[in-house]
Amino acid sequence: MVQVIGPLYPEASATAKPDRRIGPRQPLTERIMSLDLDTRFDPRHGEAVLVEPGIRRITAPNAGPMTFHGTNSYLVGNERLVIVDPGPDDDAHLAALLAAVDGRPVDAILVTHTHLDHSALSARLAKATAAPLVAQGPHRISRELADGEVNPLDAASDRAFAPDIVLADEAVMRLGETLVRGIHTPGHTGNHMAFALEGTGTVFSGDHVMAWATSVIAPPDGSMSDYFRSLDRFLARDDRRYLPGHGGPVETPATFVRGLRTHRRMRESAILEKVRAGVQTVPEIVAAIYHTTDRRLHGAAALSVLAHLESLIERGLVVLDGSFGVAGRFLPA
């Protein structure tokens, strides 16, 4: 039976109205702001690295273009533990986690979202520790698929994941010696949830906000409109530090999130500028805007452009000619 933990302050989970504003109309393609990303990170794969008192990080050996040096799993607590993000289904990573647990009781396994690099090890780790799985819910996409549409991240989705405890937005749980608040932050996925350690200023931000790169937003798995609203949720808080799903900590959260939001808005303005100039397809927009980006990342860039275009359509600034997708054509409204 799935247990549901409701919000402590229901009014705090109200959804903000979509921001219909768009940036300046002057040319932006060559002056997209450079976000101050921090790619300094030593993963020390398999090692339990102390990142702050009572919190250790173990980075899985699943490095790649989308995962950086690998997925971070966190062990929170001293005498009793909470684990955040089990990571990929990897024998060596499971062994490293269990070695770090060292027989101590695990009160819960928190899962920020259900992409396989974060949640695939959940069932095996839960069985080995007898700990319940806690998440915002099972995997879900941000909206229903349109006729003929394909979810480009479907292969990365963990549809087998089933939480034992569903944590509602702004709900607070006491887990042994740890007090955790859930912050529903859809955008990267529909069920993405950050976890705040109450009274510490520390937030496990998953893939919503990371120091090393911007999050991949790919409709219909994710939603750019949801993502912006979730950034605003973070800005309404007063947190000290984010511990993300990949890479090192975000040490100045408010400053970084403001820069991230501005960067995305300027990117969106550049996309709208190209559409208004007659550039109609996603590949053409990517070639024009991401020409300095490693071509291996152009596939992810195309998904990001598509997410921005979906948001612009929702706000009545762009119209779709044909089927929605990378092969579609987009015109100014």
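User: Let's start inside: how many residues does the largest nonpolar core have, and which have the most contacts inside it?

Analyst: One caution before that: this is a predicted model, so local features need pLDDT of at least 70, side-chain atom pairs count only at pLDDT 80 or more, and totals for chains, interfaces and linings use all residues. Residues are numbered from 1 along each chain as its sequence is written, and side-chain values use heavy atoms, with hydrogens and water left out. Now the idea: a nonpolar core is a set of buried Ala, Val, Leu, Ile, Met, Phe, Trp, Tyr and Cys residues joined through side-chain atoms within 4.5 Å. Buried means under 20% relative accessible area, exposed is over 50%, and partly exposed is in between (1.4 Å probe, protein chains only). Here the largest such core has 21 residues, and Ile-55, Leu-110, Leu-167 and Phe-204 have the most contacts inside it.

User: Which strands each supply at least two residues of this core?

Analyst: Strands (E, at least two residues) and helices (H or I, at least four) are DSSP runs, numbered from the N terminus. The suppliers are strand 4 (72-76), strand 5 (81-84), strand 6 (106-110), strand 8 (165-167), strand 9 (172-175) and strand 11 (193-197). Strand 11 gives the largest share, 3 residues.

User: And what is Leu-167 in contact with, beyond its neighbours within four places in sequence?

Analyst: Contact means heavy atoms within 4.5 Å. By that test Leu-167 meets Ile-5, Val-134, Ala-135, Gln-136, Met-173, Gly-182, Met-193 and Phe-195. Apart from this core lies another, of 20 residues, with Leu-272, Val-279, Ile-285 and Phe-330 among them.

User: On to the sheet. What is the strand order in the open sheet of 8 strands?

Analyst: Two strands pair if DSSP finds at least two bridges between them. The order is 1-8-7-6-5-4-3-2, with mixed pairing. From one strand to the next, the twist averages 25 degrees.

User: In what sense do strand 6 and strand 7 pair?

Analyst: Parallel, over 2 bridges, with strand 7 covering residues 133-135. Ile-109 has Leu-133 in strand 7 as its bridge partner. For angles, axes are lines fitted to C-alpha atoms (for helices, over the stretch in contact), and values run from 0 to 180 degrees between N-to-C directions. Helix 3 lies across strand 5, strand 6 and strand 7, at about 175 degrees to strand 6.

User: How many salt bridges does a search of the whole structure find?

Analyst: The test is a side-chain nitrogen of Lys or Arg within 4 Å of a carboxyl oxygen of Asp or Glu. The search finds 20. In one of these, Asp-107 and Arg-80 meet at 2.8 Å, N to O. That pair links strand 6 to the loop between strand 4 and strand 5, 27 residues apart. Asp-107 is buried at 18% relative accessibility, while Arg-80 is partly exposed at 36%.

User: Where do Arg-233 and Asp-169 lie, and are they buried or exposed?

Analyst: Their side chains form a salt bridge at 3.1 Å, N to O. Arg-233 is in helix 4 (residues 224-235) and Asp-169 in the loop between strand 8 and strand 9, so the pair ties together parts 64 residues apart in sequence. Both are buried. Salt bridges with shared partners join Asp-169, Glu-170, Arg-181, Glu-198 and Arg-233 into one network.

User: How many residues of helix 4 are buried, and what do they pack against?

Analyst: Of its 12 residues, 10 are buried. Those buried residues pack against strand 10 (178-184), strand 11, strand 12, strand 13 (241-244), helix 5 (253-276) and helix 7 (298-314). As for length, the expected span is 1.5 Å times one less than the number of residues. Helix 4 reaches 17 Å from its first C-alpha to its last, close to the 16 Å expected.

User: Where is His-208 found?

Analyst: In the loop between strand 12 (202-206) and helix 4. His-208 is buried, at 1% relative accessibility.
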